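Okay, thanks everyone, I'll keep this short. Let me put the structure up and then we'll talk about pockets.

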Amino acid sequence: MAANKKLLILPGDGIGVEVMDEVRRVIDWMGKKRRVSFDIAEDKVGGAAIDAHGTPLTDEAMAKAQGVDAVLFGAVGGPKWDNLPFAQKPERGLLRLRKEMELFANLRPAIVFDALVDASTLKPEVVKGLDIMILRELTGGVYFGTPRGIETLPDGQRRGINTQVYTTNEIRRVAAVAFELARKRNNKVCSAEKANVMESGVLWREEVTRLHQESYQDVELSHMYADNCAMQLLRNPRQFDVIVTDNLFGDILSDEAAMLTGSLGMLPSASLGAADSSGRRKALYEPVHGSAPDIAGKGLANPVAALMSFAMALRYSFDMAEDADLVENAVKATLDKGIRTGDIAGPGTTDKVGTRGMGEAVLGQLTALAG
Ligand code: IPM
Ligand code: MG
């Protein structure tokens, strides 16, 4: 038998722990019913790692992440750690993983399931059938640019500084992913920046255009200022196919896109690095939602985003499209039956459940579908 597929699970904090429990159960199910086995390691990240080791990610955990085929990440943060110095905050654990694994391409699909069309705050006729992909640059821009910091000026005022910076290669490699993704979807890329006020935005637009000219003329390319893009996402989201944008705009636009689907609890993501000579990419999969301290520990969180993130791992890291479809279809079937967690419980709900109930229901559908 081929070498086992290696996974590192980093549940993190808050509802991260609860939703990753459900992912584990689906992994166990796969092992039993689909005869695929995974080598699973688990470690701490975020506040949990701070409490245990005094750092949001130990060097050992970082090394483990570098050595596996895919990292499954829950969520980090919580009020307990809010007042720590910046460099020690739970979020630094996640940012370190992204940076050191060079996960520059963050895929955040926003799909509106028919069963949930009423869960969105937008009118059904605006969001029905929505299927868009936000591709967020994840290792550059203002998140990592230097100089950065807070300094005290001679007159006693303080000044906070961050730097938005992109190079040719950073833009080209993420734009290439956007064009490749579009070719497998509806063949349209919209690139979002602020070329009207930022030099980094001018460069972004020029480099995306140049790459398009060189290698991807078959794909339809448009450009939009990021503020207009935010507005268009609410006005007519179905005009988009793939939206490619920088780290900060992507953070914001993907939260907005998530709400088109009704709940942040529905949105998965994949963060990918460059392909090596064997075609393998480093990868981390995480729900877009955070640790949700307000509902943490209560068994109320929606595990769908985490389960769909695992489906993305099957698809992108393990070349298991059939199994990925199976997980996605099991989620869809569960929603069709009206089984919902609180965040998506609207019209059509027949059974309002918690995290475990939702996980159970998806497992039941998996068994039914794989039957
Ligand atoms: C996200 C989150 C993170 C980000 C936080 C937790 C650091 O909001 O993944 O969208 O800002 O990138
Ligand atoms: Mg965010």
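Predicted model: local features only at pLDDT ≥ 70, side-chain atom pairs only at ≥ 80, totals over all residues.

Let's start with the largest pocket. How much space lies in it? It comes to about 940 Å³. The lining is made up of 33 residues, and if you want to find the centre on screen, look for Leu 107, Met 133, Leu 181, Arg 315 and Tyr 316, which lie nearest to it. As for the elements behind that lining, those giving two or more residues are strands S4 (105–111), S5 (131–137) and S12 (281–285), along with helices H6 (168–183), H10 (304–316) and H11 (321–336). Which one has the largest share? That's H10, with 4 residues. By residue class, the lining of this largest pocket has 18 nonpolar, 10 charged and 5 polar residues.

Okay, on to the second largest pocket, with about 560 Å³ of space. Here 26 residues do the lining, and the ones nearest the centre are Glu 91, Leu 94, Arg 98, Tyr 143 and Asp 251. For this second largest pocket, the elements that put in two or more residues are strand S3 (70–75), helix H4 (90–100) and helix H9 (247–260). H4 gives the most, with 5 residues. And the classes? We get 11 nonpolar, 10 charged and 5 polar residues in the lining of the second largest pocket.

Note on methods
Residues numbered from 1 in each chain as written. Chains lettered and ligands numbered in written order. Heavy atoms only, no water. 1 Å grid on protein atoms, 1.4 Å probe; cavity = no way out; pocket = protein on both sides within 12 Å on 5 of 7 lines; lining within 4 Å. Points joined across faces, edges and corners; volume = space filled by probe spheres on them. Nonpolar A, V, L, I, M, F, W, Y, C, P; charged D, E, K, R; others polar.
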